[in-house]
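Student: I have a model open and would like to go through its packing. Could we begin with the aromatic side chains?
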Amino acid sequence: MKKINEIKAISIQVGQTFTLSGDIGKFKKGEKVKVKEKKMYGDDIKLVLIDSQGVTDDFYLDKNDDFEQ
């Protein structure tokens with residue numbers, strides 16, 4: 001079983017894969033998504049996530065937010 005760690009949004013990198021702990025945007029709980037693109041968007045970070053079917057969705061995060069991995 002993987003240990004849950006908190007990470008800062010700013011430390012998320014292109015190519016990282018995550019298993020979702022809940023439904024978010026076009027994706028469902030338990031689905032694996034990969035960070036396809038990351039760029040600064042004002043004071044936020046824009047992440048483009050992609051699933052194994054090629055579906056993408058954009059997310060905007062506060063660069064100082066903490067997330068569980």
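Student: Are Phe27 and Phe59 buried or exposed?
Tutor: Both Phe27 and Phe59 are buried (under 20% relative accessible area, with exposed over 50% and partly exposed in between; 1.4 Å probe, protein chains only). This is a predicted model, where local features need pLDDT of at least 70, side-chain atom pairs count only at pLDDT 80 or more, and totals for chains, interfaces and linings use all residues. Residues are numbered from 1 along each chain as its sequence is written, and side-chain values use heavy atoms, with hydrogens and water left out.
Student: How many aromatic pairs are there?
Tutor: The count comes to 2; rings of Phe, Tyr and Trp (its six-membered ring) pair if their centres lie within 6.5 Å, and planes under 30 degrees apart count as stacked, over 60 as edge-to-face and the rest as tilted. Phe27 and Phe59 form a tilted pair, 6.3 Å centre to centre with 35 degrees between the planes.
Student: Where in the chain do Phe27 and Phe59 lie?
Tutor: Phe27 is in the loop between β2 and β3, and Phe59 is in strand β5, 32 residues apart. Strands are DSSP runs (E, at least two residues), numbered from the N terminus.
Student: Why is the pair of Tyr41 and Tyr60 tilted?
Tutor: Their ring centres are 5.0 Å apart and their planes stand at 55 degrees, so the pair is tilted.
Student: Changing topic, how many bridges pair β3 and β4?
Tutor: β3 and β4 pair in the antiparallel sense over 8 bridges; pairing requires that DSSP finds at least two bridges between two strands. Glu37 stands opposite Val48 in β4.

Terms used
Helices (H or I, at least four residues) and strands (E, at least two) are DSSP runs, numbered from the N terminus.
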